[in-house]
Amino acid sequence: MIDGKSPIARTTLRKVIALTTLDALNPSKPQDAALAALTAMADLVERLATQGLLRDRDDRALAACVDDALRLRRRSATADISRDELQPVCDALVRLAPERVPPLRTTW
């Protein structure tokens, strides 16, 4: 927050979080790096929600997807994850990553 305002639009935040979460679900990504990214996204979502920046239905859906992705990735270290479990999370993340986002503010 800068002067009480976020320099990044909510749609941009949503897209960054969704795409980072999707990347962490890629099975070719090393487990430790994927878990670190997912944990960072879960922490970010929690902080943003606490600050009132994530508050609508899509924001809550995004938070749930990040939690689901983290749970699935943790479980993938010891068990196989089925496509039926993974696909709904990936589909939701793609839907929640808006196609267009406003430009970043360069001045305050």
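User: How are H1 and H3 oriented, roughly parallel or roughly antiparallel to each other?

Analyst: H1 and H3 are roughly parallel to each other. Angles under 35 degrees count as roughly parallel, over 145 as roughly antiparallel, 65 to 115 as roughly perpendicular and the rest as oblique. Before we go on, this is a predicted model: local features need pLDDT of at least 70, side-chain atom pairs count only at pLDDT 80 or more, and totals for chains, interfaces and linings use all residues. Residues are numbered from 1 along each chain as its sequence is written, and side-chain values use heavy atoms, with hydrogens and water left out.

User: What angle do H1 and H3 cross at?

Analyst: Roughly 15 degrees, and the axes come within 10 Å. Axes are lines fitted to C-alpha atoms, for helices over the stretch in contact, and angles run from 0 to 180 degrees between N-to-C directions. Helices are DSSP runs (H or I, at least four residues), numbered from the N terminus.

User: Which residues make that contact?

Analyst: From H1 come Arg10, Arg14, Ile17, Ala18, Thr21 and Ala24. From H3 come Asp58, Asp59, Leu62, Val66, Ala69 and Arg73. Contact means heavy atoms within 4.5 Å. By class, the contact of H1 with H3 has 6 nonpolar, 1 polar and 5 charged residues. Ala, Val, Leu, Ile, Met, Phe, Trp, Tyr, Cys and Pro count as nonpolar, Asp, Glu, Lys and Arg as charged, and the others, Gly among them, as polar.

User: Next pair. At what angle do H1 and H4 cross?

Analyst: H1 (residues 10–24) and H4 (residues 83–96) cross at roughly 150 degrees, and their axes come within 8 Å. That makes H1 roughly antiparallel to H4.

User: Which residues touch there?

Analyst: H1 brings Arg14, Ala18, Thr21 and Leu22. H4 brings Cys90, Leu93, Val94 and Leu96. The residues of this H1 and H4 contact divide into 6 nonpolar, 1 polar and 1 charged.

User: And how far apart are the axes of H3 and H4?

Analyst: They are 10 Å apart, and the two helices pack at an angle of about 145 degrees. Asp58, Ala61, Leu62, Cys65, Asp68, Ala69, Leu72 and Arg75 of H3 meet Glu85, Leu86, Val89, Ala92, Leu93, Arg95 and Leu96 of H4. The contact of H3 with H4 has 10 nonpolar, no polar and 5 charged residues.

User: Let's switch to the core. How many residues are in the largest nonpolar core?

Analyst: It has 27 residues. Ile17, Leu62, Val66 and Leu93 touch the most other members. A nonpolar core is a set of buried Ala, Val, Leu, Ile, Met, Phe, Trp, Tyr and Cys residues joined through side-chain atoms within 4.5 Å. H1, H2 (31–50), H3 (57–76) and H4 each supply at least two residues of this core.

User: What is leucine 93 in contact with?

Analyst: Ala18, Thr21, Leu22, Leu25, Leu62 and Cys65, leaving aside its neighbours within four places in sequence.

User: Now some single residues. Is threonine 12 buried or exposed?

Analyst: Threonine 12 counts as buried, at 10% relative accessibility. Buried means under 20% relative accessible area, exposed over 50%, partly exposed in between (1.4 Å probe, protein chains only). Threonine 12 is in helix H1. Threonine 12 and alanine 97 are 85 residues apart in sequence and 8.4 Å apart in space, C-alpha to C-alpha.

User: Where is proline 27?

Analyst: Proline 27 is in the loop between H1 and H2. Proline 27 is exposed, with a relative accessible area of 74%.

User: Which residues does aspartate 56 contact?

Analyst: Arg10 and Arg14, leaving aside its neighbours within four places in sequence. Aspartate 56 is found in the loop between H2 and H3. At 30% relative accessibility, aspartate 56 counts as partly exposed.

User: Last one. How far apart in space are lysine 15 and aspartate 56?

Analyst: They are 15 Å apart, C-alpha to C-alpha, and 41 residues apart in sequence. Lysine 15 is in helix H1. Lysine 15 counts as partly exposed, at 22% relative accessibility.
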